[in-house]
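Here's a friendly walk through a protein structure for anyone meeting it for the first time. Have the picture open while you read.

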Amino acid sequence: MDRLDREILGILQEDARISYRDLGVRVGLSANAAGDRVRRMRRDGVIRGFTVIIDPAADTRSGLVVFIDVSLRLDTTNEQFERAVLTLPGITEVVHVTGAHDYLVRATAADPASLDALLRRLKKDAGVAHSTTRIALRAAPAR
């Protein structure tokens, strides 16, 4: 990756729907050259995908959007946890992090009872020793 690739990534993070023509204009390339760079970064795994970010308050279908900080039991490996947690319903993202906790888990739950069931399964089936849960109230739009 070079300076131009990093510039393209920054623009795509602001607006992933930008046309290759407009992207090329912003970085001084033709539309074809800009498109080639984006396709190469996708092929190489630098760009893993494009997504839509929905304000949790506006998405009433998913119920609660929650962020769960988890600390693993001493007898649980990262690999065991990752394998187990990804089988649980409602898990949308699992991130290995630094700091006081081992992982940050993003999930959806239909209601408080479903969230309680998810938390119990994390402890029973995924090797979680303790957790702290936060419920998303709303999200500011990304720039």
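Helices (H or I, at least four residues) and strands (E, at least two) are DSSP runs, numbered from the N terminus.

Before going further, a word on where this comes from: the model is predicted, so local features need pLDDT of at least 70 and side-chain atom pairs count only at pLDDT 80 or more, while totals for chains, interfaces and linings use all residues. Residues are numbered from 1 along each chain as its sequence is written, and side-chain values use heavy atoms, with hydrogens and water left out.

Leu-115, Leu-118, Leu-119 and Leu-122 of α5 are buried. (Buried is under 20% relative accessible area, exposed is over 50%, and partly exposed is in between, using a 1.4 Å probe and protein chains only.)

What do the buried residues of α5 pack against? Their partners are β1 (64-72), α4 (78-85), β2 (91-96), β3 (103-109) and β4 (128-135). Leu-122, for one, touches Ile-68, Phe-81, Val-85, Leu-88, Gly-127 and Val-128, leaving aside residues up to four places away in sequence; contact here means heavy atoms within 4.5 Å.

Asp-111 caps the N-terminal end, with a side-chain oxygen 3.2 Å from the backbone nitrogen of Ala-113. After the helix comes Gly-127, which has a positive phi near 80°.

## The cores

In soluble globular proteins, nonpolar side chains tend to be buried together. A nonpolar core is a set of buried Ala, Val, Leu, Ile, Met, Phe, Trp, Tyr and Cys residues joined through side-chain atoms within 4.5 Å. The largest one here has 19 residues, and Ile-68, Val-70, Phe-81, Ile-91, Leu-118 and Leu-122 touch the most other members. At least two residues of this core come from each of β1, α4, β3 and α5. There's also a second, separate core of twelve residues, including Ile-8, Leu-9, Ile-18 and Leu-23.

## Charged pairs

Count a salt bridge whenever a side-chain nitrogen of Lys or Arg is within 4 Å of a carboxyl oxygen of Asp or Glu, and you get 13 of them.

| Pair | Closest N and O atoms |
|---|---|
| Arg-37 and Asp-5 | 2.7 Å |
| Arg-73 and Asp-75 | 3.2 Å |
| Arg-121 and Asp-125 | 3.0 Å |

Both Arg-37 and Asp-5 are buried. Elsewhere, Arg-73 is partly exposed at 33% relative accessibility, whereas Asp-75 is exposed at 56%.

Arg-121 and Asp-125 sit in α5, four residues apart, about one turn of the helix. Arg-121 is partly exposed, with a relative accessible area of 36%, and Asp-125 is partly exposed at 35%. Finally, salt bridges that share partners join Asp-2, Asp-5, Arg-37 and Arg-40 into one network.

Technical notes. A polar contact is a pair of N or O atoms within 3.5 Å; within protein, one must be able to donate a hydrogen and the other to accept it, and residues adjacent in sequence count only if both atoms are side-chain atoms.
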